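Please look over the complex shown here. The briefing below covers its chain contacts, its sheets and some local backbone geometry.

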Amino acid sequence: MNQKAKPTASLLVHGYEVVIGFETHAQLATQSKIFSRAPTAFGAEPNTQACAVDMALPGTLPVMNREAVAHAIRFGLAVGAHVAEHSVFARKNYFYPDLPKGYQISQYEIPVVQGGEVSFYLGDEKKTVRLVRAHLEEDAGKSLHEQFHGQSGIDLNRAGTPLLEIVTEPDMRSTAEAVAYAKELHKIVTWIGICDGNMQEGSFRCDANVSVRKPGEPLGTRREIKNLNSFKFMQQAIDYEIRWQIEQLEDGHAIEQATVLFDPDTGETRAMRTKEDAADYRYFPDPDLPPLVIEREWVSEVQAGMPELPRAMADRLVTEYGLPEYDATTLTQSPAMAAYFEAAARASGQAKLASNWIMGEVSRRLNSEERDIADAPVNADTLAALLARIADGTVSNNAARQVFDALWSGEGQDVDAIIEAKGLRQMNDTGALEKIIDEVIAANPDNVTQFKAGKDKAFNALVGQVMKASKGKANPQQVNELLRAKLQ
Amino acid sequence: MSRSDLHEMGVAELAAAIADKSTSAVEAAQHLLARARAHASLGAYLAFNEEATLAQARAADARIAAGERGPLLGVPLAHKDIFVTRDFPTTAGSKMLEGYRSPFDATVVAKLAEAGTVTLGKLNCDEFAMGGSNENSAYGVARNPWDTARVPGGSSGGSAVAVAARLAPAVTGTDTGGSIRQPASFCNVTGIKPTYGRCSRYGMVAFASSLDQAGPMARSAADCAALLSVMAGPDIDRDSTSLDHPAEDYTRLLGQPREGARAERPLQGLRIGLPREFFGAGVAADVQGPVRAALAELEKLGATLVDISLPRTELAIPVYYIIAPAEASSNLSRYDGVKFGHRAAQYDDLIDMYKKSRSEGFGPEVQRRIMIGTYVLSHGYYDAYYLKAQQIRRLIAQDFQQAFTQCDLIAGPAAPTVAWKIGDKSDDPVANYLADIFTLPASLAGLPGMSVPAGFGDSGLPVGLQLIGNYFQEAALLQTAHAFQQATDWHTKSPEGF
Amino acid sequence: MSLRSSDIDRIAHLARLQMPPAQAERMRTQLNDFFDIVEQMKAVDTTGVEPLAHPTAVIDHVALRLRPDVASEPNQREANQQSAPAVEHGLFLVPRVIE
């Protein structure tokens, strides 16, 4: 039952309320498959990582991977869910060439993780999406269509890769909220190390269930958009689907339940040819697998090894360092980045400055060089030293950027040495500065007159003159203050 | 060593003869292969690979020459074609797997090979182990050597025939609803199905996962014990339903009197429960006779007969025939013509390929059970059928536990009749199902059960005595059977002409 | 229990079996015969009875064994594909899968 409050008018699309729920398949980061000992590495030659069990050869049987279960426990703890003491594996029966056994081993009535929630900020508003469940299951293989005329080639390397299927309540009310949820979930699973989050490689795939309704009416018929593997496509697909459904309803057509695919080339969603909704999966408990028992001791052990979670850490950064929510969320994009920030903030005592620099200069370079913060040529302590020099007025922000360039490109790691070597020390001697200001005022009587007549542009020109005369070393803030004072 | 003696020998005898060099593994294998080929009309064997057999035999002889000894070293045997083998094709009695070569050996096969057994070939069976007469094999019927116009029973029909006609001293079989016990009864052979999970199912072509079990068939309880000791044991790496119970020496109680008993009455203190449901009007008179006589023998050996009840015996039929087909319908979905197995020659599209391949590859009984299984699992029917059956299954298992408070083991016929004529029941699938009534309950409960030759009924056809023990009581079952076989000689009889 | 031919068609499709009308009709009769004996299950009171999915659960706590996460299976593509009906460049070939 949907217990949400009345919809915010601003969220309505042409008067319709949008209702979205997600099912996300996260590939779990393990060495071997969930039920076999074949490797899970991406990109191998076809069927070289599909052992007899993965190929469903006659007589083969499943044996459960402990680490996959550990990952499920980690996830359950990260979202505040109940980790079931007993859960059951069930067979989901259907025929498809990439499903070698003709059934998928999954969980049906009793999943390993029950309940839980994911919170995030949408602008200034805190949102919470409730989870119904998360369960373990095996991935299917892949069909390749390009090379073969009229045929498909089946690669079972991926068959048996462990998945955690994460299901939400239909709590989301806009595309933006849905994408924000997906991003937060992505952050959580990568943060706690259970998934590598590589969406291009299919490690994190979302299915979006979308429906619309007039406010106050019962839930509309939903359509499921499958296999969204980029946030950009997710947004485009959901937006399109919403518009399409509304158009259909406005034209007097009912929405038929369907599974749809998003075509990135056309930007449209279209119903799949196979009517999967008509499928009867004939779920029953898998007789080859006794029930999964998770002792409370194991859960405690896993809990003890869990890192501080991103949402909690972001909240702490806001309280502890006085950062805005936006900064805190951005800095907690990965444990490494958050650690970098905290080290730099503590060492320099300049939390907001550190945040600006990390979100700005550091991230810009990391992105363009496709580098991870762990490989940043400037470490947190060095950055902190530079930030301290900005804070104490030794260098201006502009000069600091030049210093940072030098540090990043390997000219040295000693901030002070670089400042000296490049002569970037800001002039802080007020006496010398006042002398320059007096000279500039004397040399520019027209500007002075214009400023006194109310033209601010004239003031900037005077500031420019002072900066030039000081060869850029004057502290702009000081120039401003002193110049204004002198022109009173 | 007279070659004609070789096929007369049981496992222990043959192992001893090979060990003391009166014969060799190679000689024994060659002799039995020749016999198997000579009696091909019995339809026991489906595949040979003489090269592989002799290679195994030579390896065994080399081990003997090096001084190694073991109860199965050099002993020839054959495997039901449900066990996958690298050296022989595996068909599971089906066209679906014609020519299929497995890249690995079943665990049970590997264990026996490690103990030095020599594989003579693969044995005929009902398709995917579904059937009680071996008439469901896609490769022809197997014939009961006691009357070749009659069925040997099933699904391990070829296995029972091979032992009865002395084409192998011992064989492996599988038992899901009675497929070792019933053919053993029909062919005058000794067979045992252990506790569920006692033997690894890895490499057994799956029929019904919660019921399938491997077991030996041979000419005596002692030989079965020797084989089971090697076959059983945990397979932690590969079978999640394999019990984590250490391997046992199942021969350890053979010939020992029960605790507190004397040698003359070795079964003193043994309480044998006789379920009244196993001795009702449905049991043919010519089965009741030998079974009652066998029970009298057991009394002479010191056992006490106790009347008990297994009230839900009849329910075992619908319960089994819902659960087994349900699991089978899912287990057989992998036969889709994509990765292995039969693919139709002509098809229009993917779905057509699936349907044609499966309909061409599976015989009528298999298709029937797939249909039943698919139906009872389908939306809207699961609760009324599958779930209900699993609930009653627990009640049946509880009935046995209740019975075992009054007795140590349970006895009765393995089947209500002796072997019927080939073709008599082919048109009536339900009649076939009803004939399984005595073996199904122990299968559902996962209990160990044996069939021991107990005499002959009308037309000189064999009758088996079924013994059912509590979980993990295989050694006690074998001890009882052995004591019976020391005091009687039914199990030594061979059909004329073989 | 009375299965209709539409039921047979539906189940046969679910099971990917081809069933021409004569065979379907025979199957329908046989299944109806079978389900007649299944009816006796209805009379059994099973309130509060746990289904028995794993037989030895009657006497013992059966729990799923977990194995260490080690990728120890080597590449055995040739051997595993030796009985495949159609293979090209290591891929299993099937009629075109259209979504």
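The points that follow are grouped by topic, after a short note on conventions.

This is a predicted model, in which local features need pLDDT of at least 70 and side-chain atom pairs count only at pLDDT 80 or more, while totals for chains, interfaces and linings use all residues. Residues are numbered from 1 along each chain as its sequence is written, chains are lettered from A and ligands numbered from 1 in the order in which they are written, and side-chain values use heavy atoms, with hydrogens and water left out.

Chain C touches both chain A and chain B. Helices (H or I, at least four residues) and strands (E, at least two) are DSSP runs, numbered from the N terminus.

**Chain C with chain A**

- The contact (heavy atoms within 4.5 Å) takes 32 residues from chain C and 55 residues from chain A.
- About 3900 Å² is buried between chain C and chain A, and carbon and sulfur atoms give 61% of that area. Buried area is the accessible area (1.4 Å probe) that two parts lose on being put together, summed over both.
- Polar contacts across the interface of chain C and chain A number 20 residue pairs, both residues at pLDDT 80 or more. A polar contact is a pair of N or O atoms within 3.5 Å; within protein, one must be able to donate a hydrogen and the other to accept it, and residues adjacent in sequence count only if both atoms are side-chain atoms.
- On the side of chain C that touches chain A, at least two residues each come from α1 (5-14), β1 (66-67), α3 (77-80) and β3 (91-95) of chain C. β3(C) gives the most, with five residues.
- By class, the side of chain C that touches chain A has 15 nonpolar, seven polar and 10 charged residues. Ala, Val, Leu, Ile, Met, Phe, Trp, Tyr, Cys and Pro count as nonpolar, Asp, Glu, Lys and Arg as charged, and the others, Gly among them, as polar.
- β3(C) also pairs with strand β11 (residues 151-155) of chain A, antiparallel and through four bridges; two strands pair if DSSP finds at least two bridges between them. In this pairing A:Gln151 stands opposite C:Pro95.

**Chain C with chain B**

- Here 53 residues of chain C are in contact with 72 residues of chain B.
- The area buried between chain C and chain B is about 5300 Å², with 69% of it on carbon and sulfur atoms.
- The count between chain C and chain B is one salt bridge, formed by the side chains of C:Glu73 and B:Arg238 at 3.5 Å, N to O.
- The rule finds 18 residue pairs in polar contact across the interface of chain C and chain B, both at pLDDT 80 or more.
- α1, α2 (21-38), α3 and β3 of chain C each supply at least two residues of the side that touches chain B. α2(C) gives the most, with nine residues.
- That side of chain C divides into 34 nonpolar, 10 polar and nine charged residues.

**Sheet in chain B**

- An open sheet of 11 strands in chain B has the order β1-β3-β2-β4-β6-β5-β10-β11-β9-β7-β8, with mixed pairing. β1 (45-47) and β8 (304-308) of chain B each have a single partner strand, so one side of each is left without a neighbour in the sheet.
- Strands β10 (residues 449-456) and β11 (residues 462-469) of chain B run antiparallel and are joined by seven bridges. B:Pro453 has B:Gly464 in β11(B) as its bridge partner.

**Sheet in chain A**

- Three strands of chain A form an open antiparallel sheet in the order β6-β5-β17.
- Strand β5 (residues 90-93) of chain A pairs with β6(A) over four bridges, and A:Arg91 stands opposite A:Ile105.

**Backbone geometry in chain B**

- A cis peptide bond, with omega about 5°, joins B:Gly154 and B:Ser155.
- B:Phe128 is not a glycine, yet has a positive phi of about 50°.
- B:Ser155 lies in the loop between β3 and α6 (157-164) of chain B, and B:Phe128 is found in the loop between β3 and α6 of chain B.

Terms used
Salt bridge = Lys/Arg side-chain N within 4 Å of Asp/Glu carboxyl O.
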